[in-house]
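Here are my notes on the model you sent over. Have the structure open while you go through them.

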Amino acid sequence: MEAALVTAAALIALVGALFHGVVGGKIYMGHIKASELMPLTQSLSLVAWQMFTVFLVVSGATLLCVAMKPDLALLAYPVLAGNALGAALFSLLGVMGHARLLKLPGMYLMGLTALLGWLGIGRLFIKSTSV
């Protein structure tokens, strides 16, 4: 059960990365290229967009490794903290005048990854220390 929660968190992050990087990237870059931003600003915007994709891949891969080898559970905490803080940032900015962020999947993706991961890791850690 514990590994199932961590695996679910990993799959959410990996599927999110695929969608964000491919589908979201095409939509986003279409808007950026149609804008009047300078070429360097467009390039930096693309890097920032894809760094979020990279973060999702790293999150998913780390959590998948932890699900397969629970002894590595401590490796998941920075990834889970990053996801929780990212979800909090989406939420904070959303209520501070950027309400469109609340309609995007990022907050929910990161929040669910963090929640399932924390629940699974907590149970894995309790199980491994009681043996």
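The points below go from the overall fold to the aromatic pairs.

1. Bear in mind that this is a predicted model.

2. On overall dimensions, the C-alpha atoms fill a box of roughly 60 × 25 × 20 Å along the principal axes. Of the 131 residues, 34% are buried. The accessible surface is about 8,000 Å², and carbon and sulfur atoms account for 77% of that.

3. Take the contacts between residues at least 6 apart in sequence: 73% of them join residues at least 24 apart.

4. Searching the whole structure turns up two aromatic pairs. One is Tyr-28 with Trp-49, a stacked pair with 4.3 Å centre to centre and 10° between the planes. Tyr-28 sits in helix α1 (residues 2–34) and Trp-49 in helix α2 (residues 39–68), so the pair bridges parts of the chain 21 residues apart. Tyr-28 has a relative accessible area of 23% and Trp-49 has 21%; both count as partly exposed because the buried class stops under 20%.

5. The other pair is Tyr-77 with Trp-118, whose ring centres are 5.2 Å apart. Their planes meet at 45°, so this pair is tilted.

Conventions. Residues numbered from 1 in each chain as written. Predicted model: local features only at pLDDT ≥ 70, side-chain atom pairs only at ≥ 80, totals over all residues. Heavy atoms only, no water. Buried < 20%, exposed > 50% of the residue type's maximum accessible area, 1.4 Å probe, protein only. Contact = heavy atoms within 4.5 Å. Areas by Shrake-Rupley, 256 points an atom, 1.4 Å probe, with all protein chains shown as cover. Phe/Tyr/Trp six-rings, centres within 6.5 Å; stacked < 30°, edge-to-face > 60°. Helix = DSSP H or I, 4+ residues; strand = E, 2+ residues; numbered from the N terminus.
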